[in-house]
Amino acid sequence: MNVNSISGLKFVLFIFWPWLVNSKGEQNRLLVNMTLVQNATALGAYCLDGSLPAYHLHRGFGAGVDNWLLQFEGGGWCNDIKSCLDRSKSTHGSTRYMNKWEVFSGILSNNASFNPGNSQTYS
C-alpha cells in the first residue's frame with residue numbers, strides 16, 4: 001500500500017468508525033424519554049431561558065428496584081450576563097436544546113453485557 005491508500009483508509013475509518021461501533025448495539029439501545037417538571041413553576045424553578053427543568057429517568061425493577069444512579073451533566077456555571085446568555089442557548093441552560101430521548105449506555109445501561117456492574121439484565 002502506498003501513502004495515499006493508507007491516508008484514504010484512515011479517512012474512511014475515521015468517518016465510519018462511530019457507525020460501525022454503534023450499529024452493533026443499535027437494537028439493544030435503551031432510549032429514555034425526557035420528563036418536564038410541570039410543577040416547577042410553583043417553586044419558581046426555571047432554566048436560564050425560562051423553560052421548564054427536565055430530566056431523563058429509567059426506573060429499576062426486580063433486584064434493582066430500590067437502586068438509583070443519578071447523573072448530572074457538568075459544565076460549570078455562568079459568571080456574568082454574557083456567559084448566562086450564552087449558556088441559555090445551550091443544553092446547559094435550556095431544556096429546549098436537550099435531547100428529547102437520551103441513550104442510556106455504559107454505566108447507565110440496563111443490559112449487563114454493556115454494564116458489567118449489573119448482576120442481571122433489567123428492562
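**Salt bridges and their surroundings**

Tutor: The structure holds 2 salt bridges, a salt bridge being a side-chain nitrogen of Lys or Arg within 4 Å of a carboxyl oxygen of Asp or Glu. The model is predicted, so local features need pLDDT of at least 70 and side-chain atom pairs count only at pLDDT 80 or more, while totals for chains, interfaces and linings use all residues. Residues are numbered from 1 along each chain as its sequence is written, and side-chain values use heavy atoms, with hydrogens and water left out.

Let's start with Arg96 and Asp49, whose side chains meet in a salt bridge with an N to O distance of 2.7 Å. This pair links distant parts of the chain, 47 residues apart: Arg96 sits in the loop between α3 (81–87) and β3 (101–104), and Asp49 in the loop between α2 (40–43) and β2 (54–56). Arg96 counts as exposed because its relative accessibility is 54%, where exposed means over 50% relative accessible area, buried under 20% and partly exposed in between (1.4 Å probe, protein chains only). Asp49, at 25%, counts as partly exposed.

The other pair is Lys82 and Asp86, whose side chains meet at 2.8 Å, N to O. Both belong to helix α3, and because they are 4 residues apart, about one helical turn separates them. Lys82 has 56% relative accessibility and so counts as exposed, whereas Asp86, with 41%, is partly exposed.

The structure holds 1 disulfide, meaning a pair of cysteine sulfur atoms within 2.5 Å. Cys78 and Cys84 form it, and their sulfur atoms are 2.0 Å apart. The angle about the S-S bond is 75 degrees, and the link is right-handed. Cys78 is partly exposed because its relative accessibility is 21%, and Cys84 is partly exposed too, at 23%.

Now step back to the chain. The protein chain has 3 helices and 3 strands, and from the N terminus on they run α-β-α-β-α-β. Buried residues make up 19% of its 123 residues.

The strands come together in an open sheet of 3, ordered β2-β1-β3 with antiparallel pairing; two strands pair if DSSP finds at least two bridges between them. The edge strands, β2 and β3, each pair on one side only. Neighbouring strands of the sheet are turned by 30 degrees against each other on average, direction ignored (axes are lines fitted to C-alpha atoms, for helices over the stretch in contact, and angles run from 0 to 180 degrees between N-to-C directions). In general, strands of a sheet pair through backbone hydrogen bonds, either parallel or antiparallel.

Follow the pairs one by one. Between β1 and β3 there are 4 bridges, in the antiparallel sense. Here Leu30 stands opposite Phe104 in β3, and Asn33 stands opposite Trp101 in β3. Between β1 and β2, which run antiparallel, there are 3 bridges, and Thr35 stands opposite Tyr55 in β2.

Strand β3 also holds Val103. With a relative accessible area of 32%, Val103 is partly exposed. Together with Leu31 and Trp101, Val103 makes a nonpolar surface patch of about 280 Å². Patches are made of residues with over 30% relative accessible area and no salt bridge, with like charges joined within 9 Å and nonpolar side chains (Val, Leu, Ile, Met, Phe, Trp, Tyr) within 5 Å. The areas come from the Shrake-Rupley method with a 1.4 Å probe, and for residues only the protein chains shown count as cover.

Finally, look from Val103 across to Arg29. Their C-alpha atoms are separated by 6.6 Å, although the two residues are 74 residues apart along the chain. Arg29 is in the loop between α1 (3–24) and β1 (30–36). Arg29 is partly exposed, with a relative accessible area of 40%.

Definitions and conventions:
Helix = DSSP H or I, 4+ residues; strand = E, 2+ residues; numbered from the N terminus.
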